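Biologist: Can you walk me through this model? I'd like to start with the ligand and then look at some helix packing.

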Amino acid sequence: MALKLSENSLKVLEKRYLKKDENGKVVETPQEMFTRVAKAIAAADRLYRKTEDDIAALEHKFFTMMENLEFMPNSPTLMNAGRDLSQLSACFVLPIEDSMDSIFDSIKFTALIHKSGGGTGFSFSRLRARSSTVRSTGGIASGPVSFMKVFDAATQAVKQGGTRRGANMGILRVDHPDIMDFIVCKENDKEINNFNISVAVTEDFMRKVTKDEEYDLIDPNTHKAVHRLKAKEVFELMVKMAHKNGEPGIIFIDRINNNNPTPLLGKIESTNPCGEQPLLPFESCNLGSINLYALLKKADGKFEFDWDRLKEIIHLSVHFLDNVIDVNKYPLSQIDKMTKQTRKIGLGIMGWSSALAKMMIPYDSDEAIALAEKVMSFIQAEARKESLDLARARGTFPAYKGSIFEASNLRLRNATLTTIAPTGTISIIAGPCSSGIEPMFALCYQRANVLDNARMIEVEPAFKDVMEEKGLYTRKLMEKIAEKGSVQEMKEVPEDIRRAFVTSHDITPEWHIKMQAVFQKFTDNAVSKTINFHEDASIDDVRKAYMLAYEMGCKGLTIYRDKSRSEQVLSVGTKD
Ligand code: UDP
């Protein structure tokens, strides 16, 4: 298949992904970019004594699945593979100990990672509370929130020169003495803008919310209880703030640690910036996503998944992502060491709602949930098969002994295989197709470009296809839809098309969460998802969503109420 990229895809590629000469002129075509990436990643097979013929064949397969837009690695791999930088991962977690040395080392490491296009997550939970004493100076500690602002300022400064804007996740445990400060630290949505923040809540805390009991706040150094709060009051403040402008999010930290594949290496304290990748301190992870929209075939006049090709793509993608670990140049030796202990990879999907719509299956339907279960369990099972094969040829991940897989003798090459990433940019490069497992945001819409905030107009490709097929595609109608965002009340659009093309705001939060939960069930790591609410949603609605996510086994939750921030990445309609 000849490479067919959309205008927006080319725009994004030219801006940051394709090689440029010293005058800033693009000197690489998208095909050459895919060749560069395929070659660099296939080369890792040399480490495992593969023949040159085998490597050439593998390179061709890697190239083809990218050229077909069936699979995309995360942005740093596309940008940096086969080039001097060669930093290929999107996700990092760094430790922050309670000392000036550790805090400022971590800031330096963060700057290096951001420069190379990676995102960083941190837990600030080990820092002593605000107003506690500093032994060496007799002064007063400023606490986690004030140090977060230093990380934020450093990120802001590096942002201009880096490959893309650096993103951070800041986590604080719910039992840290400064938790109330933390929950409100982004109340002003102009502050700490280079961070997403999430409260790490424990099982004990959630139980006490339900029973309306108090819980202890623990001094991170002495591990002694220093204060007590009513769990319900803390929870209510989180809900109120999230309702106000989407932050903080929540992560269920005990649930994450129950799934920690290598408990002997330590506890998981944080995730990467968008929440989909829990990692140990100094661990990194590279992600890749299968474009389900590109894996449809027509049978008996109807679209369905091409399961055979999907299976091939899953196996090739796991091989690809495992190779990335070997050819990656890590920004720090500690990261190199930790990453190669667990060899975590994160294979996920994009184009889910575009594919559903093309199959005429509404996102908010039992049929969609059942298909999600079928697709993701298939991806998880086939990814594991490939990882078992790789382990036979290359060995298990070094920390396998003592891992949760040892008891069942599941000799894997990778401690985790699946993650559902936001695919913010790669879904533009591969598409346009819908991102991750998100519903379509709108059928015709403006998107603030993640790279430079320029506004771009897009028509959902599945919608365009279906409307063209029925002879209903006119510019005038598309303009009308662009104004509204949704077609639910448009009589010009046939009923079955209206039903299949539900957009994010036509879908209730309950269905959003159901979809996140079903994908989580078959995902080793976590799922990036925003639960979208109408502008007029109540605090009650948000509280219910948090409880539902907890009950349904999600690892965390991010909500966003429409128009609750002064700047938002996606907006529906050109007029209200
Ligand atoms: N990320 C980042 N800066 C950005 C976008 C993403 O650091 O501007 C990191 C972050 O860790 C995020 C991960 O990349 O969780 C994956 O994001 P996404 O899937 O949107 O990236 P893409 O590969 O599409 O660029």
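Biologist: How many residues surround the ligand, and which are the closest?
Modeller: Bear in mind that this is a predicted model, where local features need pLDDT of at least 70, side-chain atom pairs count only at pLDDT 80 or more, and totals for chains, interfaces and linings use all residues. Residues are numbered from 1 along each chain as its sequence is written. A residue is near if its C-beta atom, placed from the backbone, lies within 6 Å of the molecule. On that basis 22 residues surround the ligand, and the closest are S75, A90, G119, C274 and G424.

Biologist: What classes make up the shell around the ligand?
Modeller: Ala, Val, Leu, Ile, Met, Phe, Trp, Tyr, Cys and Pro count as nonpolar, Asp, Glu, Lys and Arg as charged, and the others, Gly among them, as polar. So sorted by that rule, the shell comes out as 10 nonpolar, 9 polar and 3 charged residues.

Biologist: Which residues of α14 does α11 meet?
Modeller: Contact here is C-beta atoms, placed from the backbone, within 7 Å; helices are DSSP runs (H or I, at least four residues), numbered from the N terminus. From α11, K311, I314, H315, V318, H319 and D322 take part, and their partners in α14 are I379, E382, A383, E386, S387 and L390.

Biologist: And by class, what does that contact of α11 with α14 have?
Modeller: Counting both helices' contact residues, it has 5 nonpolar, 3 polar and 4 charged residues.

Biologist: How many helices and strands does the protein chain have?
Modeller: Strands are DSSP runs too (E, at least two residues). The totals for the protein chain are 20 helices and 19 strands.

Biologist: What box do the C-alpha atoms fill?
Modeller: Taken along the principal axes, the box is roughly 75 × 60 × 55 Å.

Key: Contact = placed C-beta atoms within 7 Å.
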